[in-house]
Amino acid sequence: MSKPIQAKYKVLENVRIAEGYYKITLEAPYIVRNYLPTQFVNIKVGTGYEYLLRKPFSIYEAMDHTISIVYRVIGKGTRRLAEYQKGEFLDIVAPVGKGVQVKNIKAKKMAFIAGGCGIASLKELAGHVAKKFDLFYGVESRNQIVELEKWRKLANKIFVATDDGSEGYKGFVTDLFKEKVLQYDAVYCCGPKVMMRKIYELFPQNSYFIFEEYMACGIGVCMGCVIKTKEGYKRICKDGPLFKGEEIVW
Amino acid sequence: MVDLEKKLRSPFKIGNKVYPNPIWLASGTCGFGEDITDFIDLKKLGGIVVKGTTLKPREGNPTPRVVETPAGMLNSIGIQNPGVWGVIKEKIPFLKKYKVPIIVNISGICTADSCSAMSDFEELAKIIADNVEVDGIEINVSCPNVTGKNLANNMLWLEKVVAVVKKNSKAPVITKLSPNTADITGMAKAVENGGTDAISLINALLGMKIDIKTQQPVLGNKMGGLSGPAIRPVAIRMVYQVRQVTKLPIIGIGGIICKEDIFEFFCAGADAVQLGTMNFVDINQINSFF
Ligand SMILES: Cc1cc2nc3c(=O)[nH]c(=O)nc-3n(C[C@H](O)[C@H](O)[C@H](O)COP(=O)(O)OP(=O)(O)OC[C@H]3O[C@@H](n4cnc5c(N)ncnc54)[C@H](O)[C@@H]3O)c2cc1C
Ligand SMILES: Cc1cc2nc3c(=O)[nH]c(=O)nc-3n(C[C@H](O)[C@H](O)[C@H](O)COP(=O)(O)O)c2cc1C
Ligand code: FES
């Protein structure tokens, strides 16, 4: 695993891709050369004290010398992030997190399960296991669906659930998955905690979850971002963000 | 006029003990050093104050434990640490490799139901003195996240606790004061009477953030310690006041983000500083201070 560094990276593009969702692309050769899937970046938004702490975002895609991040605008930091223009620089600490060695993934038929913004944290890993998984994707409404055409190239099948029924199944993505549990040998999931717990209950054995928590340091020193595991509190930023479901005290 | 640039690069003394420079990292914001080595060359630091250490291992408070606030942040970690034996066996040996002065921040535990703080401090000081060579003991009388009663505000208790730690320590004793008091100079005089070798201040200010959507406090522990630039004026004022009543070395802490902030502490009367929340915000910049 390579060491994280703090550096400035140039914004190449920052565009709206769905309702409330943006995608920012950065020139970041160091990160591309050194990251592992499920690792993330810690972005300092703005320069003053208004957005004091760095904000964590998953690496959505990494190509040649660029990375992109897909983010949902939910508060003042992400609102400010959406204002960044091509040519501006962002101060980032990356890559952080433990990361996954893809060669250790032996499963042949996986389910990737995303709730809302969780799609952004699963995409990069999915790229490494193309055609070995089906995607289950739950969002509030069809206009919030992010880059489904890209997922069509990666996933065998795609099952979409929306709260309002505007696309696919009307209801929870967990209900869609429930019907098909027996078809899979592993599960990778990112979404709201209640959804992840439900998935764990349906698929306790070989299931992996990406957790989010408020972070301060993002590098493992402050014990701010912990999750309760059977071995005590662990740091999401250093020991995660991906954890095996069985480890967690749900 | 003091040559501030020179002071930044000069050794700093507590009693006979010399620290290579006056720039230390603050407890709780650099762990036990391991994860900071990616960013800072530990050898360059004047000192590293490790995470609050308690007699027994502590798992810490429920989440969320941290949240951003205007020009600052709140934390309610609850001193998650492996206990003094874990620190001695697993953590200190790593730091020893770097030849950086090691200061152990010790905490006695006092909850609403039971208070073993005094005997905790005594035993912590003894165990450390008998088992490991360190460059300082910082008494944390002021953690806002574990203390049920506000002992940091009780002069008699403070004086006693400092005396007990001093009696049982080989390394210099630094007492870290809490800003959650109406009489900071009174507290400073009390710890001086107790025999402290130096005073560090301030710890975090007790605060709260409420989420108006849920109408509930955001932190799992409801209250937490406010740190970052938001508290700097309070810290500067307190260092200034304490400087008027003591000649002991003072280590200023609170909201330092750049070199000018360190200079402001020097001007207020501090002999050294500790960097806290800055480690989370702009850790690279610390390298430019040496
Ligand atoms: C490892 C990791 C990876 C992430 N990856 C992505 C990603 O790829 N795309 C993306 O859009 N988001 C991602 N997030 C979440 C993202 O960090 C937050 O949405 C962002 O920090 C919000 O900043 P803000 O200033 O806009 O929100 P704030 O103004 O700070 O908060 C707005 C609202 O969101 C809530 N909130 C903010 N941060 C968190 C959090 N960490 N956990 C729970 N609730 C929170 C607050 O309670 C508040 O109600 C990730 C988080 C982690 C920990
Ligand atoms: C996440 C976090 C954890 C902390 N843990 C401790 C601790 O264990 N012991 C202690 O004495 N102070 C602790 N502090 C307080 C800091 O050492 C420092 O006094 C305070 O944060 C003010 O300085 P700053 O504004 O530079 O951060 C902690 C602060 C933070 C932000
Ligand atoms: S955010 Fe500090 S340990 Fe994870």
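## Terms and model

A polar contact is taken here as a pair of N or O atoms within 3.5 Å, where, within protein, one atom must be able to donate a hydrogen and the other to accept it, and residues adjacent in sequence count only if both atoms are side-chain atoms. This is a predicted model, in which local features need pLDDT of at least 70 and side-chain atom pairs count only at pLDDT 80 or more, while totals for chains, interfaces and linings use all residues. Residues are numbered from 1 along each chain as its sequence is written, chains are lettered from A and ligands numbered from 1 in the order in which they are written, and side-chain values use heavy atoms, with hydrogens and water left out.

## Ligand 1

Ligand 1 lies between chains A and B, and 21 residues surround it, the closest being Pro56(A), Arg72(A), Gly77(A), Thr78(A) and Tyr214(A); a residue is near a molecule if one of its heavy atoms lies within 4 Å of it. An oxygen atom of ligand 1 lies 2.8 Å from a backbone N or O atom of Arg72(A), and a backbone N or O atom of Gly77(A) is likewise 2.8 Å from a ligand 1 oxygen. From chain B, the side chain of Lys213(B) places an N or O atom 3.1 Å from an oxygen atom of ligand 1. Of the 900 Å² of accessible area that ligand 1 has on its own, the protein covers 82% (Shrake-Rupley method with a 1.4 Å probe; for residues, only the protein chains shown count as cover).

The elements of chain A that give two or more residues to this shell are strand S4 (55–58), strand S6 (66–72), helix H2 (76–81) and helix H3 (119–128), with the largest share, four residues, coming from S4(A). Helices (H or I, at least four residues) and strands (E, at least two) are DSSP runs, numbered from the N terminus. The shell also draws at least three residues from each of domain 1 (5–96) and domain 2 (102–212) of chain A, with domain bounds that come from an automatic or database domain assignment.

## Ligand 2

Around ligand 2 there are 23 residues, of which the closest are Ser27(B), Lys176(B), Gly228(B), Gly255(B) and Thr277(B). Because residues from chains A and B surround ligand 2, the site is shared between chains.

An oxygen atom of ligand 2 is 2.6 Å from a polar backbone atom of Gly255(B), another contact pairs a ligand 2 oxygen with an N or O atom in the side chain of Lys51(B) at 3.0 Å, and a backbone N or O atom of Gly52(B) lies 3.1 Å from an oxygen atom of ligand 2. The protein covers 98% of the 610 Å² of accessible area that ligand 2 has on its own.

## Helix H5 of chain B

Helix H5 (residues 184–194) of chain B is mostly covered, with eight of its eleven residues buried (buried means under 20% relative accessible area, exposed over 50%, partly exposed in between, with a 1.4 Å probe and protein chains only). Its buried residues, including Ile184(B), Met187(B) and Val191(B), pack against helix H4 (155–168), strand S9 (173–176), strand S10 (198–201) and helix H6 (232–245) of chain B, where contact means heavy atoms within 4.5 Å. Gly195(B), which follows H5(B), has a positive phi near 105°.

## Backbone geometry in loops

The peptide bond from Gly240(A) to Pro241(A) is cis, with omega near 10°, and Pro241(A) sits in the loop between helix H7 (236–239) and strand S16 (242–244) of chain A. In chain B, a cis peptide bond joins Thr63(B) and Pro64(B), with omega about -10°.

Gln215(B), a residue other than glycine, has a positive phi near 60° and is exposed, with a relative accessible area of 62%.
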